[in-house]
Amino acid sequence: MHYIVYVDSLFFLNFIMNLYLLILVDHSMLRHVRIWRMLSGALAGAVCFLVPFWTGGPAFFRMAAGIVLGTAGMLCITFQVRSLGMFLKLLERLLLYSFGLGGALLVLIRYLPGGRAFWTGTLELLGAGGLGVLLLLKFRRGSDPGNSLCRAVLIRKGEKLAVTALMDSGNTLIEPVSGKSVSIVDRAVFDRLWGQERDTFRAIPYHSIGKRRGILEGYLLPELELETEGMVFRFTQVYIAVSNEEISGTENAEGESVKMIINPGLFAQGNGSRMKAAE
């Protein structure tokens, strides 16, 4: 029995499916990566998938080589992998979403009436895959709590201060000149890092319940590390606003008081960020 393989269709299908998976992995990493990196990673994976058609030898080894090279290329190019731990963490998430998306497509093909005839075309598979991505993203948003705790390390002039932080979607503070996201720290945290020294501050306008509007002092923090989702994100030149009121009590963090409120927009902006696996 002979099969006709249309390499162009196979390449295009693999490229788009790779992009779907990278979008899901990136979303689980709080939307850290720019789209051009995901496109480059998806393209590398699609090219490596064609390795079995270019080389000789047993089919199993050719297929295995294409999968291994494609997977490694996708992750390393997209997420700029710097350590084995980071690669394994990303690989875990890629495999999880691969099985989830593959399982959804299998259900469509095998169990829906007319599924084998309708859902096996290239465009139909891509459409079904896109629908699966939207459903998985919606499920993830629905399952994530509105607020999540993380560990923050504030770094200034060689001094490091680790605190419990709250990732809060309700924090939408923006530094008005640069347009960068602003996180909030407790006055005690600020005093420990800055001491008696005071830099020129920026006025950060805010609105809150019970007080129509106000101004917070904003300062530029040289480095910030956030540990969340099993990964460590490092940001440079981050704006922080100083709160003179207590941010939260100890009941919110199992005996540890929350001393910082993170603006999730920090991840979307990048701010010269780097990512690694948590040790």
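The model is a predicted one.

Lys157 is not a glycine, yet its phi is positive, at about 50°. Its relative accessibility is 61%, and because the cut-off for exposed is over 50%, Lys157 counts as exposed. A second residue with a positive phi of about 50° is Gln80, again not a glycine. Gln80 belongs to the loop between helix H4 (59–79) and helix H5 (84–111). Gln80 is partly exposed, because its relative accessibility of 36% falls between the limits of 20% and 50%.

The next element is helix H2, which covers residues 35–49. Its 15 residues reach 21 Å from the first C-alpha to the last, close to the 21 Å expected at 1.5 Å a residue. The buried residues in H2 are Met38, Gly41, Ala42, Ala44, Gly45, Ala46 and Cys48. For Cys48 the relative accessible area is 19%, so this cysteine comes in under the 20% cut-off for buried. Cys76, at 38% relative accessibility, is partly exposed instead. How many disulfides does a search of the whole structure find? The search finds zero. A disulfide is a covalent bond between the sulfur atoms of two cysteines.

Strand pairing comes next, with strand E7 (residues 258–262) as the point of reference. E2 and E7 run parallel and are joined by four bridges. Within this pairing, Leu166 has Ile261 in E7 as its bridge partner. Strand E3 (residues 182–186) also pairs with E7, in the antiparallel sense and over two bridges. There, Ile184 stands opposite Ile261. Is E7 enclosed or open? Four of its five residues are buried, so E7 is largely enclosed by the rest of the structure. In a regular strand the side chains alternate between the two faces of the sheet.

A last stop is strand E4 (residues 202–208), where His207 is found. His207 is exposed, because its relative accessible area is 61% and the cut-off is over 50%. Leu173 is 34 residues away from His207 in sequence, while their C-alpha atoms are 9.0 Å apart in space.

Note on methods
Residues numbered from 1 in each chain as written. Predicted model: local features only at pLDDT ≥ 70, side-chain atom pairs only at ≥ 80, totals over all residues. Heavy atoms only, no water. Disulfide = S-S within 2.5 Å. Buried < 20%, exposed > 50% of the residue type's maximum accessible area, 1.4 Å probe, protein only. Expected span 1.5 Å × (residues − 1). Pairing = 2+ DSSP bridges.
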